[in-house]
Amino acid sequence: MKVKFWGVRGSISAPGPDTVRYGGNTTCIEVRTAEDDLIVLDGGTGIFPLAQSLLKSLPVTAHIFITHSHWDHIQGLPFFLPIFIPGNKIFLYAAFDPITGAGPERIMNVQMQYSFFPVREAEMKSRIEYVVAMPHETISVGEARVTPFMLNHPVVNLGYRVESNGKSLFFTGDHEPYANIYAPGDEGHEEYSRLIKEQHASLVEAVRGVDVLISDSAYTVEEFPAKKGWGHGTFDGSIELAIAAGVKVLYCTHHEPTRSDDDLERAFAAALERYSGLLNGLDVRLAREGEELEF
Amino acid sequence: MHGMFDIPNDLAPKLASAVESMPAFPKSVQRILELSRDINCPPKELVEVIEKDPVMTMKLLRVLNSAYYSFPKKITSVNQAVVYLGLNTVKNMALSFAAIGTLPQDNAAGFDMQRYLLHSLTTAALARLLAQRFNVTGAEPTDCYIAGLLHDFGKVVFAQFMPEEFKLALEKSMEESIPLYLAERMMIGTDHMVVGAMLVDKWQFPSDISSLILNHHSAAENHSGVAACLFAANQISRRLGFAGPGYHEADELPPALVDLFGGDLDEVIESLGDISKLMEEAQVYAQASKESSA
């Protein structure tokens, strides 16, 4: 399996001299399966440079899995150039949204309206197929298998486990660790506590033993209390999930748009320091735009 | 499950789609609108509001148990919905239910929605209390609450979508002093248990919720823990004067339940001690519901 990070920034793109090392594009990860099928995880602005890299090898078939419909995960999709070129085949997978009652098609329809974009959704020339991804229902991409898992965010968010030829990867998309909504002693506290323990345990099982975990680590533990409910995790939370699930390599991603490269490295180092001696062989890295790995 | 229920063929899809556009109770609609204006909306208050509204709860569980979210476990509580879907999504779902409007207090059936809500809330609270107090095997208190809240849902459906027939059933039940479900069978051709069970079955709720609704008037000996709590709570609510509309003499507990709860209906009520606070809470809610719709 091959992985390339095309966008690692959270919330909004953040180009500039302070983010030049880790990159300013929002979320997009290219995955190549053992059979070289193309899986794209999220369509943030990073999908634009990915699209340009694909123009050399048209026609393409791309399986784009969207974790959730917030802008930083979809805003590059109208610039995914292969959608305008006949002969390409695009599959767009995303969750069903209970509020709008719509699936992945809405992600394109809404963005490609007259006021927001010059080309309408109906004018795309490639073949595009919309597929509703359902939690725990595995989707086949060639020999590879992609299994969605529902995570905790202000909009329905699916994490994806990708497995190909004995190798595996899990991408959380955006996720805030579960927390009890009741105070200790409240009527519902115990029940809720049991529910979130179960849900966390099933997340750990979904991530269990992957070679690579790419996890939302937007905040430091110091920043987190002020951002509770925003739907993001911390470096520490990601490290703990990785340890619990027996992950080999953890990539921390969804970098805060206001965090400079230097600050990012400092925050990361501080978190690693706290887990010094506890990593048990876990390799923890900062996701960096342009970085590639093969495993 | 098709054919399981004695219900006219054309009725099932009609009722199921009608419920989607059914408005919720005035008090909860009002509270949801208030809460949703507060960015720091306390999550537990949001849960509490939804949990006190059979229509909102029904709709929330319907979406969560649908084929779009094939969770390994069926969803049976609002808290579970919040854990799985996330707070903001549940809040926005509640808001979309609230946007439909409020269930009118007056309907062509002459069905008293306030009394219906009061009966559902007291039954829910009592079923949960019985499970906790008697430590009933297999009776998860949360499941008992939901079963109590939703057990008579078929009645709201009748009131909303078959008001003329339901009016006749209500009248017949009162005139002849017969249980409402018997009068429903005569005037509508089916009863509220069958319709309630049919709907939750169609929406792929856990099958035990379906059978709890279907059998909540049967005093059969092989009651599950939740069914036992629901049956007793339903009758206690009636005995205490919180019955829904229609003839409402409480049934006595069958022998198995007398054994389980250590006494007949009045003795069980006695053993629960002071439950006035629990009942008042429900009354405040149902009462406010009426006022806010005025």
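Colleague: Which residues touch the most other members of the largest nonpolar core?

Modeller: Bear in mind that this is a predicted model, where local features need pLDDT of at least 70 and side-chain atom pairs count only at pLDDT 80 or more, while totals for chains, interfaces and linings use all residues. As for names, residues are numbered from 1 along each chain as its sequence is written, with chains lettered from A and ligands numbered from 1 in the order in which they are written. A nonpolar core is a set of buried Ala, Val, Leu, Ile, Met, Phe, Trp, Tyr and Cys residues joined through C-beta atoms within 7 Å, and a residue is buried if 20 or more other C-beta atoms, placed from the backbone, lie within 10 Å of its own, exposed if 12 or fewer, and partly exposed in between. Among the 172 residues of the largest core, those touching the most other members are B:Leu60, B:Ala127, B:Cys229, B:Leu230 and B:Ala232.

Colleague: And which element gives this core its largest share?

Modeller: Elements here are DSSP runs numbered from the N terminus: helices are H or I with at least four residues, strands are E with at least two. With 12 residues, the largest share of this core comes from H7(B).

Colleague: From which domains of chain B does that core draw at least three residues each?

Modeller: The domain bounds come from an automatic or database domain assignment. The core draws at least three residues from each of the two, domain 1 and domain 2.

Colleague: Which helices of chain B do the buried residues of H9(B) pack against?

Modeller: Helix H9 (residues 153-161) of chain B is mostly covered, with eight of its nine residues buried. Among them are B:Phe153, B:Val156 and B:Phe158. The buried residues of H9(B) pack against H1, H4, H7, H8, H10 and H12 of chain B.

Colleague: How many residues does each chain put into the contact between A and B?

Modeller: The contact draws on both chains, 25 residues from chain A and 22 residues from chain B.

Colleague: How do the residues on the chain A side divide by class?

Modeller: Helix H4 (residues 189-207) of chain A supplies the largest share of that side, five residues. For classes, Ala, Val, Leu, Ile, Met, Phe, Trp, Tyr, Cys and Pro count as nonpolar, Asp, Glu, Lys and Arg as charged, and the others, Gly among them, as polar. The side of chain A that touches chain B has 16 nonpolar, six polar and three charged residues.

Colleague: Why is S4(A) largely enclosed by the rest of the structure?

Modeller: Strands pair if DSSP finds at least two bridges between them. S4(A) has parallel neighbours: four bridges join it to strand S3 (residues 38-41) of chain A, and five join it to strand S5 (residues 89-94) of chain A. Strand S4 (residues 61-65) of chain A is largely enclosed because it has, buried, four of its five residues.

Colleague: What is the bridge partner of A:Phe91 in S6(A)?

Modeller: A:Phe91 sits in strand S5 of chain A and is partly exposed, with 19 other C-beta atoms within 10 Å. S5(A) pairs in the parallel sense with strand S6 (residues 127-132) of chain A over six bridges. In S6(A), the partner of A:Phe91 is A:Glu129.

Colleague: Is A:Leu151 buried or exposed?

Modeller: A:Leu151 lies in strand S8 (residues 144-151) of chain A. Beyond four places in sequence, A:Leu151 touches A:Asn157, A:Gly159, A:Thr172, A:Gly173 and A:His175. Because A:Leu151 has 27 C-beta neighbours inside 10 Å, it counts as buried.

Conventions:
Two residues are in contact if their C-beta atoms, placed from the backbone, lie within 7 Å.
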